[in-house]
Amino acid sequence: MSLLSVKNLTRSYGSLQAVKDVSFECEAGQILGFIGPNGAGKSTTMRIIATLDVPSGGDVLLDGESVVARPDQARPLIGYMPDRYGTYEDMTVFEFLDFFARAYQLRGAERKARVDSVMEFTGLAALQHKLTSALSKGMKQRVALGRTLLHDPKLLILDEPADGLDPRARIELRELLRALAQQGKAVLISSHILTELAEIIDTCAIIEQGQLLATGTVQDVLAKTAGVSSSVEVEARVLPSAVNDALAKKIERLLLEQPQVSAPSVSGELVRFTLGLAPGSAATAEWSQQASVRVLRALVAAEVPVVSFTSREHDLEDAFMSVTRGRVQ
Amino acid sequence: MTLHWTERLAEWAGPMVVKELRQGLRAKVFGVVFGLLLVVCLVVAVVAYGQANGAVGTALGARFVVVYLLALGLVAFFVIPFAAFRSMLREVEGETWSLLILTGLDSRDILRGKWLTSMSQAALFASACAPFVLFSYELNGVELPQVVVALVVCAVWSGTLTALAIGLATQARSRLANSTSSVSIIGVLLVAMWAGDAVMGWLVDSPYSLSRGSALLLPVATLALGTTALALESAAASLRLPTELARARPRVALLLTMVSTLAVTALMFVRVRGGRDGATFGALGLGFYLVLVGLFAISESDGYPPHAPRGPLVRPGALRSFLLVAVLLVLMAGTFVGCLRVVGLDGRALRSVVASAAYPLLYLSLAVIVGRWRVFERFGVALATRVAFLSLVALGFIVPMLFCLFTGQQLNARGPNTFNPFLGLANFVDDVGFEFDWNLKVLAATALFAAGCATVVLSRRDGAWK
């Protein structure tokens with residue numbers, strides 16, 4: 001049985017259907033990426049799961065119990081971090097975590113131990129006496145994450161946690177989330193930064209206009225959506241010392257002579273072009289490999305000093321772009 | 001392991017009080033105001049000592065107690081409620097209150113914590129003033145009961161204003177509401193500070209004030225205490241998450257507030273053998289109070305979730321709140337009519353009492369009906385009802401006057417102004433004859449008919465809500 005099971009969830013605001021018949025599941029120890037453009041219904045779905053809102057239809061089961069029918073029983077199992085971190089600017093890190101620990105009914109030594117352990121885990125111990133207003137965005141986000149961990153929930157719901165963070169903070173967040181998943185917690189995370197998500201999530205759910213477009217393990221979603229694309233982007237590099245105008249023109253001419261090659265561009269040592277099929281045809285992995293080999297062979301035969309040649313892998317961004325249409329409601 | 005007594009106290013007080021105290025004591029405003037209050041008190045004490053020194057049989061106490069109470073009033077009636085307002089507003093703006101509710105804290109715990117902390121701070125300020133007030137008592141001219149009652153009034157009024165300020169902050173869910181409430185609270189608190197200081201000054205001004213004013217003070221204090229509970233309960237209900245059932249507590253608080261206030265008022269009225277003016281003043285005041293409360297009560301959300309517990313009072317929805325306000329208006333009029341009968345019925349007083357209930361009932365009912373019209377609907381249920389009420393009152397005031405103007409009658413002519421909420425009411429209060437009774441009957445019948453129509457409208461809304 002899945003830890004989290006969302007079943008036919010629907011949420012309407014008057015005539016606007018923000019969430020339409022959304023269903024997905026998440027196991028303990030799994031990180032599920034909830035992907036969608038702004039206004040897709042991600043936050044609404046997450047708020048319903050976090051017991052902050054009620055659905056118009058459907059249900060959410062957490063550990064087999066309905067979150068909708070018994071929100072009070074579900075709350076101790078959930079740690080929710082909204083896109084606004086919700087930290088009090090005039091409290092120190094310790095005071096903030098201590099306050100929420102008190103609110104979670106932790107008492108005496110147990111509370112102190114829990115706060116210390118959370119500060120240790122999130123790397124906040126050294127900053128515990130600093131006001132949260134003096135912290136960087138990345139550190140504030142850690143404080144907010146620490147708050148969600150105080151009562152040791154089974155499910156973490158993180159709404160756009162990486163938004164606005166610098167690269168270092170994002171990498172550190174990724175490490176923290178991996179560690180949490182290893183502890184057996186299910187993590188439901190939404191983000192716009194798909195490359196970031198791709199490296200940490202096990203499963204994903206792509207949503208647009210309130211409708212779930214694709215769901216499953218990342219490999220499944222990539223496999224399903226790979227067939228939809230009809231082109232492959234290829235990037236090659238030539239020997240830097242051989243770069244000159246004549247070579248650039250020669251490469252461009254050569255590429256244009258090749259079947260199924262379009263949009264060639266040469267900028268310094270970098271060569272880019274697209275291998276494409278007729279619209280509606282699917283670019284399989286085997287086809288893209290064969291086409292790439294054919295072009296590489298032609299370049300080498302023409303004595304172009306190629307030092308690297310790679311076709312870009314179909315990734316989560318491609319999957320997202322191929323199933324969504326950029327519609328908003 | 002045995003906990004330190006401060007830790008035990010913190011556990012007992014609850015997380016909200018601990019948090020608010022930590023934040024409050026760190027805020028610069030607390031230290032600055034505390035320091036300023038001490039300096040003012042010290043300067044006044046030096047002046048008082050200078051004036052009293054060498055003078056035999058002086059009675060300067062009352063004058064200086066008033067000065068101390070004014071300084072305390074500035075803090076208790078303005079600084080503390082405003083700080084509580086800002087604190088709650090930050091909670092609403094940052095949506096941190098929803099995170100607090102997810103921890104298992106009840107919205108009542110959040111508000112109670114904020115209110116208790118504000119009151120603790122008020123107590124700290126009062127304790128700073130206490131030695132100086134006692135010093136003034138030594139200067140003669142003021143009795144200890146006067147000072148104690150003035151301080152009790154200060155505490156009650158400060159508590160009520162703080163609760164209202166917290167309640168107002170919970171309504172600021174949009175940028176417009178945020179700005180409007182921030183501006184309004186300053187105006188309201190300034191007026192309330194002036195009123196509170198005036199009452200405290202009057203209490204310590206004369207040794208006879210206390211006995212003369214008790215007939216008014218006790219009902220007002222009862223109403224203020226009830227309003228404190230009502231404001232906190234209403235704020236807690238409005239902070240509830242959609243996943244939580246709406247609570248009946250605001251309605252229960254309103255019922256208890258009005259019943260206790262009416263009981264104390266009736267008791268004092270009969271005890272001091274109150275006259276026509278007392279009944280008129282009481283009915284007008286309570287009628288106005290019920291209009292203010294009613295404006296929020298009748299614009300409550302429609303209907304109830306299918307899993308709401310059964311029972312007429314427990315279920316949320318505007319219908320039950322409207323019916324309660326209507327019943328309370330009738331109860332209020334009935335109580336004063338009963339009081340007037342006990343002390344000897346006066347026809348004119350009866351008219352003003354009935355009119356004080358009929359106008360609020362009429363215009364609140366019309367607001368419920370008109371608020372459903374398409375032109376108002378875009379504001380949403382709550383705001384539409386309030387906007388409709390204000391528009392109708394304005395129309396009810398202007399249209400009869402224009403009619404009188406064009407037909408060459410006096411602006412306050414009785415007939416055309418029967419439904420005028422201001423001039424009509426003034427006519428009923430001022431009227432000297434008995435020939436005006438039919439206007440009252442028409443007004444009362446119309447108000448009851450409108451209330452019936454409003455009930456039907458609300459019942460349909462309840463039924464349509466899913």
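This text walks through strands, turns and helices of chain A and then a helix pair of chain B. The model is predicted.

Strand β1 of chain A covers residues 4-13, and strand β2 of chain A covers residues 16-26. They run antiparallel and are joined by 7 bridges.

β1(A) has another partner. Strand β4 of chain A, residues 57-62, runs antiparallel to β1(A), and 5 bridges join the two. Here A:T10 has A:G57 as its bridge partner in β4(A). Strands of a sheet pair through backbone hydrogen bonds, in either the parallel or the antiparallel sense.

Now step past the end of β4(A). A:D63 sits in the loop between β4 and β5 (65-66) of chain A. Its phi is positive, about 55 degrees, although A:D63 is not a glycine. Most residues other than glycine have a negative phi. A:D63 has 16 other C-beta atoms within 10 Å, so it is partly exposed. Being buried would take 20 or more, and being exposed 12 or fewer.

A:E303 also takes a positive phi without being a glycine, at about 60 degrees. This residue belongs to the loop between α10 (285-301) and β14 (306-311) of chain A. A:E303 counts as exposed because 10 other C-beta atoms lie within 10 Å of its own.

Next, turn to strand β9 of chain A, residues 203-208. How many of its 6 residues are buried? The count is 6 of 6, and the strand is mostly covered. The cover extends to both faces. On one side, A:T203, A:A205 and A:I207 are buried. On the other, A:C204, A:I206 and A:E208 are buried.

The pairing of β9(A) takes in two strands described here. Strand β3 of chain A, residues 31-35, pairs with β9(A) in the parallel sense over 4 bridges. In this pair, A:G33 has A:C204 as its bridge partner. Strand β10 of chain A, residues 211-217, runs antiparallel to β9(A), with 6 bridges between them. A:I207 stands opposite A:L212 of β10(A). β9(A) and β10(A) make a hairpin with 2 residues between them. In the turn, A:Q209 has a positive phi of about 50 degrees.

Further along chain A comes an open sheet. Its 4 strands follow the order β12-β13-β11-β14, with antiparallel pairing. Which strands stand at the edges? They are β12 (261-267) and β14 of chain A. Each has a single partner strand, so one side of each lacks a neighbour in the sheet. From one strand to the next, the twist averages 15 degrees.

Within this sheet, strand β11 of chain A, residues 231-238, pairs with β14(A) in the antiparallel sense over 5 bridges. A:R237 stands opposite A:S308 in β14(A). A helix packs on the sheet: α9(A) touches β11, β12 and β13 (270-276) of chain A. The direction of α9(A) makes about 170 degrees with that of β12(A).

Helix α9 of chain A spans residues 245-257 and includes A:E257. A:E257 counts as exposed because it has 10 C-beta neighbours inside 10 Å. From A:E257 to A:R111 the distance is 71 Å, C-alpha to C-alpha. In sequence the two are 146 residues apart.

Finally, move to chain B. Two packed helices are described by the angle and the distance between their axes. The axes of helix α2 (residues 15-26) and helix α6 (residues 107-137) of chain B come within 8 Å. They cross at roughly 45 degrees. That angle makes α2(B) oblique to α6(B). The crossing is right-handed. α2(B) contributes B:M16, B:V17, B:E20, B:L21 and B:G24 to the contact. From α6(B), the contact residues include B:D109, B:I110, B:G113 and B:K114. B:L116, B:T117, B:S120 and B:Q121 of α6(B) take part too. By class, the contact has 5 nonpolar, 5 polar and 3 charged residues.

Technical notes: Residues are numbered from 1 along each chain as its sequence is written. Chains are lettered from A and ligands numbered from 1 in the order in which they are written. This is a predicted model: local features need pLDDT of at least 70, side-chain atom pairs count only at pLDDT 80 or more; totals for chains, interfaces and linings use all residues. Two strands pair if DSSP finds at least two bridges between them. Axes are lines fitted to C-alpha atoms, for helices over the stretch in contact, and angles run from 0 to 180 degrees between N-to-C directions. Angles under 35 degrees count as roughly parallel, over 145 as roughly antiparallel, 65 to 115 as roughly perpendicular and the rest as oblique. A crossing is left-handed if the near helix is turned anticlockwise from the far one by less than a right angle, and right-handed if clockwise. Two residues are in contact if their C-beta atoms, placed from the backbone, lie within 7 Å. Ala, Val, Leu, Ile, Met, Phe, Trp, Tyr, Cys and Pro count as nonpolar, Asp, Glu, Lys and Arg as charged, and the others, Gly among them, as polar.
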